[in-house]
Amino acid sequence: MRNADSTAALTGEASEGAQRTSPRWIHGPLGRMLVPLRRWWYDRVVDDVDQQAVIAKIASESGTSPRYIFMTMMSAGIAILGMLLASPAVVIGAMLLSPLMSPILGAGFALSIGKVKWLKLSARALAIGTIAAIAFTALIVLLSPLKTMTPEIAARTRPNLFDLLVALFSSLAGSYAMIRGREGTIVGVAIATALMPPLAAVGFGLATLNWTVFGGAMALYVTNFVTIALTATVMARLYGFRTDLSSRQGWMQGLGIFAAFVALAVPLGLSLRQIALEANTQRVVRSAMADSFPEGAQVEEPTINWGTEPLAISGTVFTPVFNPKANAEIGARVREVLGKPAKVQIEQLQVGSAPGAAEQAALSEARGARSTAASEREIATLVNALTLIAGVERSAVTVDRDNRRALVAARPLPGLSLAGWRTLEQRAAASAPEWSVSLRPPFAPLPAIPLEDGEIGEEGQRSLAVIAWAAERLGYAVTLAGRGDALESATITLREAGVTLTQSETGPADRIEARWEAPPQ
């Protein structure tokens, strides 16, 4: 009740004199030149806006409430789950619930009309919602067995000018809808697009202590909510909402907003320029590779290491004719077009000259287990995944390039069973299907094998698979304790999987118990 009273008091304060008035700048020379346009704008567009109702509506929804906090947390939770699953559809579902639009638009309108109390209320609501969302998503990631970086997360860690434009257009749509009385869920989704996924990525970076993800996503979030708030301020002033600011204060505010947009746009523009430069470099390198070989050659996507000087470029070409000068020709072409030196290492694989021979060779090569075809980027992605899953440093991951194998011994994680570790290994292996991934789990109790009417059912088969996997990874013998045909069947299954074991007929009737014969000291 107290919260409702304070909001009502704020609304009343904000609504006093909220009658249409002309912005002060239009009384100057420029304004007199635009008299016809001004007259049309105020008579046909602004005059029918109920400013008092608009301000009351926005102010009443700008504060903190249990519903606001709950919906923010639920939206953030759905967003991080969708990002961990790399499911854009789930992330979109999270945006349908996000209530972050109200306090940000409230801050923008409060800034425009000069209401400090309203501005503080909106800023407080935004801060509480932000902290709640980050804390909840970090908790979900900490409890989740899936902590692998996905494209949905990576996409929110490198803000650029296009992200600012998304926030700008979203705020224009949201502010217009609120002013014209056409607000709704769809408008909220537009603004949540720029806010909730970056917040979820911040929580992921915090939970995994990945400060690159944390910093990049936080920069994107701050950029977006500042852009949305300032755009709402501009829209309120454009629609002639009355302000308590003096003429000088109004001009200073306008200059401040312009400076803020420039301060945001310059680094984001540079980031976009770098992304465009990388895409252009990739295109130039691929074109240079194609030009260095005869028609019919199959050029694989080149790999460029941006962290080296000169640029390190590698790639594979299936060609009917070898070109011993290919590396030098490609390097010279890159230097000519981009003005940068490059160290080029192209692997040439000779194929027949018949039509389609290069394509067939490329397909066969992709299905093979050649270590030389593994790109540095693929290896880095796999190592990063295993580092996050196992909780170890990158140096603890063993990579066998010749046999395309990756091995790591995981640190203990309280509460995670052997079945959970097996699931994490499968997740890492799915990210690199041409690699053999082996994760050695910490020592943990073996699962029991439940019986259904005296037989091993589906759940029991899953337990057998976990036991066989753990025995292979840890290299210890197993003892099974049970009764009858089910015990014999489980013994045969595990021995066929290469598990060394003994059996005991002293176990319970409803399950088969499994334990290590020689647990480590």
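Me: Which residues are buried in α7?

Reply: This is a predicted model. In α7, the buried residues are Met101, Ser102, Pro103, Ile104, Leu105, Gly106, Ala107, Gly108, Phe109, Ala110, Ser112 and Ile113.

Me: How many of the residues of α7 are buried, and what follows for the helix?

Reply: Buried means under 20% relative accessible area. In α7, 12 of the 13 residues are buried, so the helix is largely enclosed by the rest of the structure.

Me: What follows α7?

Reply: Gly114 does. Its phi is positive, near 80 degrees.

Me: Which members of the largest nonpolar core touch the most other members?

Reply: A nonpolar core joins buried nonpolar residues through side-chain atoms within 4.5 Å. The largest one here has 53 residues, and Phe109, Trp118, Ile179 and Phe241 touch the most other members. Elements giving two or more residues to this core include α7 (101–113), α8 (116–143) and α10 (161–179). The largest share, nine residues, comes from α8.

Me: What is Phe241 in contact with, beyond its neighbours within four places in sequence?

Reply: Its contacts are Val49, Gln51, Val54, Ile55, Phe109, Ile113, Ile179 and Ala236. A second, separate core has 45 residues, including Val392, Ile456, Leu464 and Ile467.

Me: Now the sheet. What is the strand order?

Reply: Read the order across the sheet, then look for the ends. The order is β9-β8-β12-β10-β11, in an open sheet of five strands with mixed pairing. β9 (455–456) and β11 (501–504) are the edge strands, and each pairs on one side only.

Me: In what sense do β10 and β11 pair?

Reply: Strand β10 (residues 478–481) pairs with β11 in the parallel sense, over four bridges.

Me: Is Glu425 buried or exposed?

Reply: Compare its accessible area with the 20% cut-off. Glu425 has a relative accessible area of 7%, so it is buried. Glu425 sits in helix α18 (residues 418–431).

Me: Which side chain makes a polar contact with that of Glu425?

Reply: Trp469 does, at 2.9 Å. Beyond four places in sequence, Glu425 touches Val437, Ser438, Leu439, Trp469 and Arg473.

Definitions and conventions: Residues numbered from 1 in each chain as written. Predicted model: local features only at pLDDT ≥ 70, side-chain atom pairs only at ≥ 80, totals over all residues. Heavy atoms only, no water. Buried < 20%, exposed > 50% of the residue type's maximum accessible area, 1.4 Å probe, protein only. Polar contact = N/O pair within 3.5 Å; in protein donor to acceptor, adjacent residues only side chain to side chain. Contact = heavy atoms within 4.5 Å. Pairing = 2+ DSSP bridges.
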